[in-house]
Amino acid sequence: MCGIIGVIDKTREMMDGSAIREALAIMDERGSGEGAGYVAYGVYPDYADLYAIHVFYDNIIEPKTKVEELLETWGMIEHDEEIPTYESGRMRKVHIPWRYFFRPNRKLMAQSHTPEDDIVTKIVMTVNTSIPGALIFSSGQNIGVFKASGWPEEVADFYRVEDYEGYLWMAHNRYPTNTSGWWGGAHPFNLLNWSVVHNGEITSYGTNRRYIESFGYSCTMYTDTEVVAYLMDLLARRHNLSPEHTVRALAPPFWEEIERMEPSEQQLNTAIRLTYGQAMMNGPFAIAVASHDLLVGFSDRIKLRPLVVGEHDQRLYISSEEAAIRTMEPSVKKISMPRAGQPIVGRVVA
Amino acid sequence: MPAVEIDAQGMHYTPLNRQIREAVTNGATEIVLKNIMGQRFIGDGLTGTATITVEGVPGGDLGMFMKGPTIIVHGNADHAPGNTMDEGLIVIYGSSGDATAHSMRGGKVYVRDDIGYRGGIHMKQYVNKKPVLVVGGEAHAFLGEYMAGGLIILLRLNQNTNMPFAEMGLASGIHGGEIFVRGTVEDWTLGIGSAAREATPEDLASIKPYISEFCEQFGFDPAVIMASSFTRIAPVSARPFANKYTWE
């Protein structure tokens with residue numbers, strides 16, 4: 001059991017983090033105080049075209065030197081600083097969160113169509129697998145993940161999320177079940193511009209992990225959710241699938257359902273299932289995924305976890321509970337519960 | 001005694017339930033909960049005959065283990081309202097989430113609009129204890145899953161009833177109780193161990209009191225509903241999995 005909430009303002013109107021803090025705290029019962037986190041899009045307008053690399057350091061001597069050497073090998077650090085945090089109660093700086101605004105040198109990956117993204121992906125995988133005491137947990141442009149072990153309101157206050165403004169926010173309250181709670185295991189999980197929050201468990205993790213690692217991704221965070229971030233990056237960015245088709249690959253209809261479809265739908269769904277059989281996720285889950293211009297929510301195909309959608313003017317909300325949406329938007333105009341496996345997509349229009 | 005009003009703004013469910021029980025102990029028959037926002041377990045294990053009005057959106061497991069009271073919700077309910085409820089009535093002027101009436105063993109749950117997945121899962125009955133779930137709108141897959149007793153009535157009032165019910169796993173694993181769906185159901189919806197046929201006049205007579213009471217709550221016309229045809233879904237056997245787990 002975990003709690004998730006996401007909101008996108010389709011006109012890119014900015015929202016500070018105070019409302020989503022309240023919404024996540026309403027779902028405290030869904031967590032255990034061992035992990036919470038927030039992600040916001042549009043938080044670094046002064047460095048909008050640079051990659052904002054957030055790192056947890058165990059100390060700022062050896063791991064930091066190694067990470068900076070690697071960054072300077074592959075590009076230029078235009079600015080860096082410790083992420084401001086505010087210790088209180090039991091919230092202590094167990095890891096030191098640092099951020100870099102990084103410009104990759106595209107000439108170093110000349111063979112790629114997306115050299116900057118590929119350089120940053122390579123750096124994330126290298127740091128997280130081979131530099132002890134350093135973990136990159138956020139690596140997109142103009143976005144930031146803020147997470148730690150603690151209750152939703154504790155983690156929000158530790159980073160003062162109300163000081164950040166974004167047009168798209170997601171947040172997660174963790175109840176760790178299969179692996180222990182730690183800072184890196186808190187959600188959201190992020191790679192480049194993809195961020196994921198997830199309630200449930202992915203019982204097909206082994207298959208999905210082998211599949212995604214065959215494309216050069218490395219799973220390092222001891223929890224199933226990170227494969228979703230990498231699958232999104234592979235299918236939606238590298239294979240250029242639409243978000244709807246990506247969700248179809250991850251949570252496909254049953255073969256019996258496909259048999260009942262119109263011929264063209266049948267052909268499409270069969271092709272997706274055959275091509276992406278190993279990307280299919282089993283188990284109970286409700287997931288929200290974001291990138292720069294969209295927020296996507298979906299549940300597993302037999303709906304073993306809750307998912308509620310709220311629509312209000314230019315805003316789309318996705319959450320585990322209606323109460324969380326109403327905490328952010330008391331007069332929300334429309335509330336609905338999507339069908340199992342049905343993708344809910346909110347896109348920016350401006 | 002005048003109605004007792006409790007402002008639940010920002011209140012955790014533990015002190016809220018404590019205040020509700022205190023009010024009932026002091027003889028309150030009408031309790032109004034204001035500004036409810038996601039508090040779980042409201043009225044859990046509560047006994048007596050008080051009526052509790054919920055203004056707002058309650059959290060999961062509303063009225064769990066409740067024995068006697070009435071809860072009226074002006075809003076949507078979250079997961080599993082009426083979970084293992086024993087006696088009493090829950091009326092929801094809105095929709096409710098997954099596993100509505102989960103494991104109910106007595107009393108009634110009336111939902112005006114829709115319910116989520118697995119409505120009435122594990123409902124059961126014993127002698128004169130017979131739980132009833134009536135839903136005005138739609139239900140999703142696995143309605144009445146593993147049902148061991150009780151009654152589910154799905155009215156589908158928001159739908160054109162010419163469209164058959166089309167959600168998979170209907171009554172999957174059912175081994176007691178019965179489900180009535182207004183209109184017809186697609187054959188493929190029927191889960192393991194269930195069988196469907198058109199409801200007979202005797203069947204309809206048996207569900208009429210609940211439909212009348214439901215209509216009275218929400219202002220529908222029972223005559224229109226009773227004029228429709230219904231499909232009755234019931235177990236093919238009391239022990240559909242006997243050969244799976246045991247040797248006779």
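In the predicted model, strand 11 of chain B (residues 230-235) has five of its six residues buried, so this strand is largely enclosed by the rest of the structure. A residue counts as buried here if 20 or more other C-beta atoms lie within 10 Å of its own. Strand 11 of chain B pairs with strand 9 of chain B (residues 176-182) through four bridges, and these two strands run antiparallel. Within this pairing, B:I179 has B:I233 of strand 11 as its bridge partner. Strand 11 of chain B is also joined to strand 10 of chain B (residues 194-198), again in the antiparallel sense, by five bridges. Here the bridge partner of B:R197 is B:R232 of strand 11.

Chain A contains 10 helices and 18 strands. Its radius of gyration is 19 Å, close to the 20 Å that the globule rule gives for 350 residues, so chain A is as compact as a globular protein of that length. The C-alpha trace of chain A spans about 60 × 50 × 40 Å along its principal axes. Of the 350 residues of this chain, 52% count as buried. Among the contacts in chain A between residues at least 6 apart in sequence, 73% join residues that are at least 24 apart.

An open sheet of chain A is formed by seven strands in the order 8-3-10-1-16-15-17, with antiparallel pairing. Strand 8 and strand 17 (334-336) of chain A are the edge strands, as each pairs on one side only. On average, neighbouring strands of this sheet are turned by 10° against each other, direction ignored. Inside the sheet, strand 15 (residues 308-312) and strand 16 (residues 315-319) of chain A run antiparallel and are joined by five bridges. In this pair, A:H312 has A:R315 of strand 16 as its bridge partner. Helix 1 of chain A lies across strand 1 (3-9), strand 3 and strand 10 of chain A, and runs at about 155° to strand 1.

Helix 4 of chain A (residues 152-159) has A:P152, A:V155, A:A156, A:F158 and A:Y159 buried. Seen down the axis of helix 4, these buried residues fall within an arc of 160°, so they line one face of the helix. An α-helix has 3.6 residues a turn, so residues three or four places apart point the same way. The buried residues of helix 4 of chain A pack against helix 1 (18-26), strand 3 (36-41), strand 8 (143-148) and strand 10 (168-173) of chain A. Just after helix 4, A:R160 takes a positive phi of about 50°.

Notes
Residues are numbered from 1 along each chain as its sequence is written. Chains are lettered from A and ligands numbered from 1 in the order in which they are written. This is a predicted model: local features need pLDDT of at least 70, side-chain atom pairs count only at pLDDT 80 or more; totals for chains, interfaces and linings use all residues. A residue is buried if 20 or more other C-beta atoms lie within 10 Å of its own, exposed if 12 or fewer, and partly exposed in between; C-beta atoms are placed from the backbone. Two strands pair if DSSP finds at least two bridges between them. The arc is that of the directions from the helix axis to the C-beta atoms. Two residues are in contact if their C-beta atoms, placed from the backbone, lie within 7 Å. The radius of gyration is taken over C-alpha atoms; the globule rule is 2.2 Å times the number of residues to the power 0.38. Axes are lines fitted to C-alpha atoms, for helices over the stretch in contact, and angles run from 0 to 180 degrees between N-to-C directions.
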